[in-house]
Amino acid sequence: MTSLNEKDKAVVRAFWAKVGSKRDEIGMDALGRMIVVYPQTKTYFAHWKDISPTSAPVRKHGRTVMGGVGEAIGKIDDLKGGLLNLSELHAFTLRVDPANFKIISHNILVVLAIMFPDEFTPEVHMSLDKFLACLALALAEKYR
């Protein structure tokens, strides 16, 4: 199981402090990429009239996703407890396959590497990858 040490947490918090103001752009690009690269994820958004990568619904949901990432960073010391409501929402109401949490995490990493090449060092990459894996596990908690 992936776990975060104090150094990882500090790296994630410091990186977010630098890039968090761009969360809407990050979210739109990550979600748009996910929908294009992993077309099976479109099933969750079939009710949207426009599912193109830069559409208003993609932009709005990308903002929501990255708002959740920001919330998780604020609860980094207790992701499972802190994100219990989000886990319940995704498991029981939205019925999202938890495999999709890994897919969106991957796309977030890709976008961060593209948008912030100087800041996205191997150390940042490793800590963010671990954080997003822990976040995916926390969101999948209510599926067990």
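Helices (H or I, at least four residues) are DSSP runs numbered from the N terminus, and the expected span of a helix is 1.5 Å times one less than its number of residues. The model is predicted, so that local features need pLDDT of at least 70 and side-chain atom pairs count only at pLDDT 80 or more, while totals for chains, interfaces and linings use all residues. Residues are numbered from 1 along each chain as its sequence is written, and side-chain values use heavy atoms, with hydrogens and water left out.

**View 1**

**View 1. The largest nonpolar core.** A nonpolar core is a set of buried Ala, Val, Leu, Ile, Met, Phe, Trp, Tyr and Cys residues joined through side-chain atoms within 4.5 Å. Within the largest such core, of 42 residues, Leu112 and Phe131 touch the most other members; α1, α2, α3, α6 and α7 each give two or more residues to this core, and the largest share, nine residues, comes from α7.

**View 2. Ser87 in α5.** Ser87 lies in helix α5 and is buried, with a relative accessible area of 0%. Beyond its neighbours within four places in sequence, Ser87 is in contact (heavy atoms within 4.5 Å) with residues including Ala138, Leu139 and Tyr143.

Conventions: Buried < 20%, exposed > 50% of the residue type's maximum accessible area, 1.4 Å probe, protein only.
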